[in-house]
Amino acid sequence: MRLARCVQQWILLNTLILLPWVSCNKLDTIPDSGEDLPRLGARRSVSFREDVHHEEDGEGLVRPLYRQRVPPISSTTSVNRDFYFPGPTTRRRVTTVPTGSNPDFYFDYLRDESRQPGRSSGAGRDRPRAAAGGTEFSYNEKDKNGPTNWYRIAPQCGGRYQSPIMLNTSSAMYVRNKRPLQLVGQTNLPQAIRLQNDGHSAKFTYVWNEGDRPYIRGGPLKTKYFFEQFHFHWGSNDTLGSEHVLDYHRFPMELHLVFYNGLYSSFEDARNEVDGLVVVGMFYEIYDRFNEQLNTWTRFLQEVITPESTFTIQFIDTFPLYEVIGDVEWPYFSYEGSLTTPPCLETVTWIVSAKPLLITAKEIREFRRIRTRSGGLMMNNFRPVQKLYNRRVFRY
């Protein structure tokens, strides 16, 4: 009886093995009808690359097609940065939209992207692209090249790592163990300073002797970043003008100091690299106790009222960075973002001071006298705040 059962099982097993083989062989005997069969498209290959940097607790996330990773999101609002510093590999592209909303509609914080057909998400790109054709952009929302349509001029402006953003003290991740932020060489004097009205801002570019160029290090930075230039964004009155918004408050002006990674030979080489740039943002508030000069360098602004004009500040009148920003001993926020004008390259580590600088009403009026290429007064040259998506903002 047992032998008969074993024989039956052996026959059943062979049947199950042979049937698929016979069926497949019959497919080869189908005559060619001469008709073209539909061809399957090539399968899209997806590569999974693990980041070379891992956290010590081994919980780093890896995502397909992304070059970077961020550490797992914690339910707390503090993080120990002894083991994590945002650097070349801390940026990733995300596709989820935060569930929160900004009650202050003025800042246009959560604009509906469905109104912008063809807008690029910025996902899956290893390196950003420059703006195409050098098309002129505008800060006026009514213009066809206004901030809402910048993504048409430069696709990166529609990405998910855009700046500026809303900075919220209560929701930022507080960093307990941190390295001091240092600006080395801020008292060095340049050979000359080139002041330019570029049609969108007043820009100060320093000319340095070899070895005198200041650099920033420490804090969230992994390497040295050398100083390139600084410029300003301001409003038509004292209630607006800054690009970043701190706890739902806009300041009348914001200073941007631009630095490039010392691993690259120049700003032009670094700007397209994922770890290429650092921008230090500092707010200004009006000092109304007296109306004398607090910032003596503002006297040069009268030389560049005309658009595209330049003025060279000779060595005898030059001033160090220390005269502009003072000591670097203020609390600040840091996050991964972009340039705030086209081409909006998403290669910037932002450091935004929470302590504003002071400027008098008379000094800020000097900025509001500058004119644009169209001949109008240069005011409200700030970009609306952008969506945060799943980025993390750190508070030092």
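**Notes on the aromatic core and its surroundings**

1. Let me start with Phe232, which is buried at 0% relative accessibility; buried here means under 20% relative accessible area, exposed over 50%, and partly exposed in between, with a 1.4 Å probe and protein chains only. Please keep in mind that this is a predicted model, in which local features need pLDDT of at least 70 and side-chain atom pairs count only at pLDDT 80 or more, while totals for chains, interfaces and linings use all residues. Residues are numbered from 1 along each chain as its sequence is written, and side-chain values use heavy atoms, with hydrogens and water left out.

2. What does a search of the whole structure find in the way of aromatic pairs? The search gives 26 of them. Rings of Phe, Tyr and Trp (its six-membered ring) pair if their centres lie within 6.5 Å; planes under 30 degrees apart count as stacked, over 60 as edge-to-face and the rest as tilted. One of the pairs is Phe227 with Phe230, which is tilted, with 6.4 Å from centre to centre and 35 degrees between the planes. Phe227 has a relative accessible area of 0% and is buried, and Phe230 is buried at 0% too.

3. Phe232 has a partner as well: Phe232 and Trp297 are stacked, at 5.3 Å centre to centre with 20 degrees between the planes. This pair links distant parts of the chain, 65 residues apart, with Phe232 in strand S8 and Trp297 in the loop between S11 and strand S12 (310–313). Strands (E, at least two residues) and helices (H or I, at least four) are DSSP runs, numbered from the N terminus. Trp297 is buried, with a relative accessible area of 0%.

4. Now for the wider group. One aromatic cluster takes in Phe204, Tyr206, Trp208, Phe227, Phe230, Phe232, Trp234, Phe259, Tyr284, Trp297, Phe319 and Phe367. Of these, Phe367 is a buried residue of helix H5 (residues 361–368), along with Glu363, Ile364, Glu366 and Arg368. The buried residues of H5 pack against strands S8 (225–234), S10 (253–261), S11 (277–286) and S15 (357–359), where contact means heavy atoms within 4.5 Å.

5. The strands deserve a look too. S5 (residues 192–197) and S6 (residues 202–207) run antiparallel and are joined by six bridges; two strands pair if DSSP finds at least two bridges between them. Asn197 stands opposite Ala202 in S6. Four residues lie between the strands of this hairpin, in which Gly199 takes a positive phi near 95 degrees. S6 also pairs with S8, again antiparallel, over three bridges, and here Thr205 faces Gln229 in S8.

6. How many disulfides does the structure hold? There is one, between Cys157 and Cys344, with the sulfur atoms 2.0 Å apart; the cut-off is a pair of cysteine sulfur atoms within 2.5 Å. The link is right-handed, with 80 degrees about the S-S bond. Cys157 sits in the loop between helix H2 (150–153) and strand S2 (166–167), and Cys344 in the loop between strand S13 (332–337) and strand S14 (348–353), 187 residues apart. Cys157 is buried at 2% relative accessible area, and Cys344 is buried at 0%.

7. Finally, two charges sit over rings, a term that needs NZ of Lys or CZ of Arg within 6 Å of the ring centre and within 35 degrees of the ring normal. The charged end of Lys224 is over the ring of Tyr215, 4.6 Å from its centre. Arg391 lies over the face of Tyr161, at 5.3 Å from the ring centre.
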